[in-house]
Amino acid sequence: MNKLWIVCSCLIIWSCRSDDQARHVVVTTTGKIISIDSASWPSSFHLGRPASPAEIEKMDIDVRPDGVGLPAGEGKAIAGKVIYMTKCVACHGTDTTSPDAKLLGPVLVSTKPGKNKTIGNYWPYATTLFDYVRRAMPYNEPGSLTNEEVYQLTAFLLQANKVIGENEVMNAKTLPKVVMPAQNRFIPDDRRGGAEVR
Amino acid sequence: MEEHSKDINQDKGSMGKPISRRILLGGAATAAVVMLKSSYGQIVQKAITQAELKISDPTKEPGPPPGVLGTRSTFEQPVKKPSDTSSRTPLQDLFGTITPSDLHYERHHAGVPVIDPHNYTLTIHGMVEKPLVFSLAELKRFPSVTRTFFLECSGNYRGGKEEMTPQEICGLTSQSEWTGVMLSTLFREVGVKPKASWFLAEGSDAAVMTRSVPVSKGWEDAMIAYAQNGEAIRPEQGYPARLLLPGWEGNTSVKWLRRIELSDQPFMTREETAKYSEAVKDGKIRQFSFVMDARSIITYPAYPQQLQKGWMEIRGIAWSGRGKIYKVEVSTNGGKTWNAATLQEPVLDKAHTAFRYLWDWKGGEAELMSRAIDETGYVQPTMKQLIDARGKDMGGYHLNPVTSWLVQRDGRVLFKTERQ
């Protein structure tokens with residue numbers, strides 16, 4: 001799948017890094033030429049300080065679909081359910097919550113087809129769940145969950161949405177391998193201006 | 001509002017000075033309610049305060065001395081329209097194309113953070129030669145650029161009832177003059193590796209919001225903006241620095257930007273998978289639909305204005321994320337015939353462009369429409385064309401339909417709603 005995205009974002013960057021360091025010229029896919037007049041620029045402005053590996057590691061909390069960025073630790077749905085029922089249910093409800101209930105957050109568990117767009121029927125990658133819950137949830141206390149808790153919650157949400165079984169363990173190896181039901185529905189943008197409406 | 005009716009109490013004492021309304025009304029905060037005529041001729045009710053009443057004859061008493069901060073006239077009270085997650089620009093109250101910074105639309109995912117500019121840093125790392133951390137002062141020392149661009153949330157269409165203002169229909173778009181450093185300048189400084197094809201932009205709000213962006217956009221025209229309309233960027237718009245991707249859906253222009261990571265693939269964050277993706281035909285879901293297609297809206301006349309017969313200027317704004325607006329056409333008969341509107345120069349790339357069309361309303365029913373055509377030849381579609389292209393289950397993102405205003409015989413102007 002990743003090849004697809006690389007191709008669709010392809011663009012020719014032609015940096016005139018010749019001897020004279022003239023200017024950087026960019027030719028976009030639409031054929032526009034943008035040039036920044038950097039003729040008089042030094043090769044570096046010597047602004048900014050080096051980012052140390054330790055510093056980067058602290059900030060670099062993102063998780064990619066191929067699993068890069070997933071930390072050590074693991075979790076199962078049963079433990080995740082306990083956390084969910086204390087830290088998440090008030091805003092997100094359960095599969096049995098009445099559809100009329102006024103919830104602060106979106107529905108997270110939906111096993112009935114055509115109902116809410118959520119993890120089981122809409123999300124294309126399981127890694128996104130880990131990444132998002134770790135960075136942004138619980139909404140009232142973001143960043144408060146341990147990696148272990150996030151694995152447990154991820155396992156519970158995947159299991160409750162019938163993507164994985166009750167006894168499956170989620171960790172840095174297994175999570176990227178989970179194939180989400182909606183993944184093959186995702187297509188890149190095919191709008192490109194011009195006369196056609198897409 | 002240009003004029004106000006003369007029924008403001010003009011009681012004069014024997015010395016010719018106005019009698020204090022505070023004495024008359026026992027110190028009520030609202031001293032009187034009067035009917036005012038807005039500059040478009042609409043009659044509105046307005047509470048007049050003590051301070052305003054004092055201006056009964058401005059030529060007879062000196063005004064306040066120069067101050068440290070300007071203020072709006074107390075007769076002008078444009079406001080944003082907030083919901084739980086966003087706040088809309090009052091397009092119908094604006095002139096020209098620059099949105100006053102305090103009326104810029106807002107959309108954020110966990111509120112507006114307070115960031116100390118002295119502690120602010122932007123880290124660029126990943127597939128680069130030299131991972132670097134920049135302070136705000138350092139970002140400001142780089143060669144700078146100033147450019148005018150619109151921003152628009154891709155979920156910028158509401159319908160469902162006739163009584164809707166331009167603000168309610170599509171107020172999630174605003175325009176500013178932005179100043180900052182081109183991302184390409186920083187890319188050059190850190191030495192982006194040729195194999196890097198995407199970068200992650202991360203904000204330092206409570207959502208630590210992230211989006212993946214093709215590196216090509218970074219080389220093309222992305223900016224790190226630290227100023228807006230001549231001053232430091234507002235907190236709601238990303239203080240002290242934000243990413244700005246001209247012409248692309250607002251969510252990608254990550255505010256409160258703290259980190260950029262170069263990669264050879266997208267990160268598939270929640271905001272580019274679960275959100276900001278839209279159902280199209282055959283059960284497919286369109287993803288990474290970055291560019292905002294061409295759109296326009298008539299902001300005058302529009303609900304809730306009350307028209308009076310005679311000549312008027314039909315006014316509005318048009319914009320395209322793909323380049324310049326080439327043409328705007330206006331119809332006064334529901335699309336039977338179209339006429340070219342006048343575009344206000346200069347017409348800028350990926351920017352709100354003001355248009356106007358002279359019209360003599362003789363009093364009958366009329367249907368006013370505008371459609372934008374951009375330099376790629378794209379013509380703003382109707383809702384029907386959008387449904388035909390994307391299917392009945394199309395999502396709510398990237399809806400840019402031609403908008404119609406139905407002028408009633410009695411001069412009321414109603415929104416012709418086509419979809420909930």
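Let me begin with a definition: a residue is called buried under 20% relative accessible area, exposed over 50%, and partly exposed in between, with a 1.4 Å probe and protein chains only. The structure above is a predicted model, in which local features need pLDDT of at least 70 and side-chain atom pairs count only at pLDDT 80 or more, while totals for chains, interfaces and linings use all residues. Residues are numbered from 1 along each chain as its sequence is written, chains are lettered from A and ligands numbered from 1 in the order in which they are written, and side-chain values use heavy atoms, with hydrogens and water left out.

I turn to the aromatic rings. Rings of Phe, Tyr and Trp (for Trp, its six-membered ring) pair if their centres lie within 6.5 Å; planes under 30 degrees apart count as stacked, over 60 as edge-to-face and the rest as tilted. Over all chains, the structure holds 15 aromatic pairs. In one of them, B:F187 and B:F199, the ring centres are 5.8 Å apart and the planes stand at 85 degrees, so this pair is edge-to-face. B:F187 belongs to helix α5 (residues 183–190) of chain B and B:F199 to strand β11 (residues 198–203) of chain B, so the pair ties together parts 12 residues apart in sequence. Helices (H or I, at least four residues) and strands (E, at least two) are here DSSP runs, numbered from the N terminus. B:F187 is buried, at a relative accessible area of 0%, and B:F199 is buried, also at 0%.

How are the rings of B:W248 and B:F290 arranged? Their centres are 4.3 Å apart and their planes at 5 degrees, so the pair is stacked. B:W248 sits in the loop between β15 (242–244) and β16 (257–263) of chain B, and B:F290 in the loop between β18 (285–287) and β19 (295–300) of chain B, so parts 42 residues apart in sequence are tied together. B:W248 is buried at 10% relative accessibility, and B:F290 is buried at 7%.

Ring pairs also link A:W41, A:F45, B:F134 and B:F142 into a cluster.

Finally, helix α7 (residues 383–390) of chain B. B:M383, B:L386 and B:R390 are buried there. The buried residues of α7(B) pack against β17 (278–279) and β18 of chain B, where contact means heavy atoms within 4.5 Å. Just after α7(B), B:G391 takes a positive phi of about 95 degrees.
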